[in-house]
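Biologist: I'm new to this one. Could you show it to me and let me ask how you know what you say?

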Amino acid sequence: MLSYYIVYPLAWLLGLLPYRVQFLFSDVLCLVLYRLIRYRLKTVRTNLAESFPEKSRKELRQIERRFYKHLADVFIETMSLASVRKRQIMRRMYYTNVDQMRPCTEGRSWVCAMAHYGSWEYTTNFAITGAAQDGVLAVYRPLHDRGFDRFFSHIRSRFGVKPVPMNDIGREVVRSRSTNRHVAVALIADQTPPGGAIQNWTMFLGRWTPFFMGMEKLALRLHLPVLFLDVKKVSRGYYEARFELIYDGTEAVPEGEITRRYAERLELMIRHTPELWMWSHRRWKHTRKYPADPAAGTSELLPETSPALLPGGANQSPQDTDK
């Protein structure tokens, strides 16, 4: 728990500084991550090159530089949540269509399908808008370090959000129903399942990509609407988001359809502003042989393409804590 007592006071003090001062720290952090330690640079370059084969090397390097600048901003923004005030977070994270989305969710629980895009620790705080009648359940993967786990649990629960371990979310939603509470399940669904747990392959950024099926299974089992959260970065430190219905909770759909819709909508968002996605995550640790038919079942898994085969190879967390 020592890490908690070290990190929390520093983060709390950081959050009290003016925004422009906080971003001076972000500029320094970007320099360290990108130029000095070259944090996961091989992974970033491989992911970008294989996702955007139509782009020139110059274009890819521009996205790369903007990504590291944004990644440093996200780290600072996340730390500042230790002391940021409600009125500040409401200015920094604006939801454009809360009133319009209510007919889809009123009087029922629902799933908010999110991603490691924009400033995801900011975007989870939509409970402050009243978009979720009885609060938000934020699904997360517990950390091994108890101190950091306590820290992130604290900053995530300041504005009506209840962090719930991923293995407990089904029971928590059922428990909410039994007490007639209507909650939103905030679920970041773009993570990579372990090889032995892959149940679905979906075409995503030009490649068959494995996705967790938890979001889809939860929605189908409990008849929950699924709303995708489309995020835009308005300016440095300021975001806006829009809820978009991708499943109404009653439609009969084939297996994998909700996941496919999510992946399709996520890809559109990434292609619009690619630097806002978490390219440092090893999203394609597992790949399919080509050509492959996703309806034919899981094919042989192959190792990730070697960055050495791509132009511009380099040396290889503020990595997201839900990884």
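Predicted model: local features only at pLDDT ≥ 70, side-chain atom pairs only at ≥ 80, totals over all residues.

Biologist: Which residues form one aromatic cluster?

Modeller: F52, F204, F211, F228, Y262, W277, W279 and W284. The search of the whole structure gives 21 aromatic pairs.

Biologist: Why is the pair Y4 and Y8 called stacked?

Modeller: The ring centres of Y4 and Y8 are 5.6 Å apart, within 6.5 Å, and their planes are at 10°, under 30 degrees, so the pair is stacked. Both sit in helix α1 (residues 2–16), four residues apart, or about one helical turn. Helices here are DSSP runs (H or I, at least four residues), strands likewise (E, at least two), numbered from the N terminus.

Biologist: What makes Y4 buried?

Modeller: Buried means under 20% relative accessible area, exposed over 50%, partly exposed in between (1.4 Å probe, protein chains only). Y4 has 9%, so it counts as buried. Y8, at 22%, is partly exposed.

Biologist: And how do you know that F204 and W284 are stacked?

Modeller: Their centres are 6.2 Å apart and the planes make 25°, which meets both cut-offs. F204 lies in strand β6 (residues 201–204) and W284 in the segment after α11 (257–272), so the pair ties together parts 80 residues apart in sequence. Both F204 and W284 are buried.

Biologist: What makes you say that the charged end of R150 sits over the ring of Y4?

Modeller: The test is that NZ of Lys or CZ of Arg is within 6 Å of the ring centre and within 35 degrees of the ring normal. R150 passes, at 4.0 Å from the centre of the Y4 ring. R283 likewise lies over the face of F211, at 4.6 Å.

Biologist: Last one: why are β1 and β4 said to stand at the edges?

Modeller: Strands pair if DSSP finds at least two bridges between them. The open sheet has seven strands in the order β1-β9-β8-β2-β5-β3-β4, with mixed pairing. β1 (93–95) and β4 (161–165) each have a single partner strand, so one side of each is left without a neighbour in the sheet.

Key
Residues numbered from 1 in each chain as written. Heavy atoms only, no water. Phe/Tyr/Trp six-rings, centres within 6.5 Å; stacked < 30°, edge-to-face > 60°.
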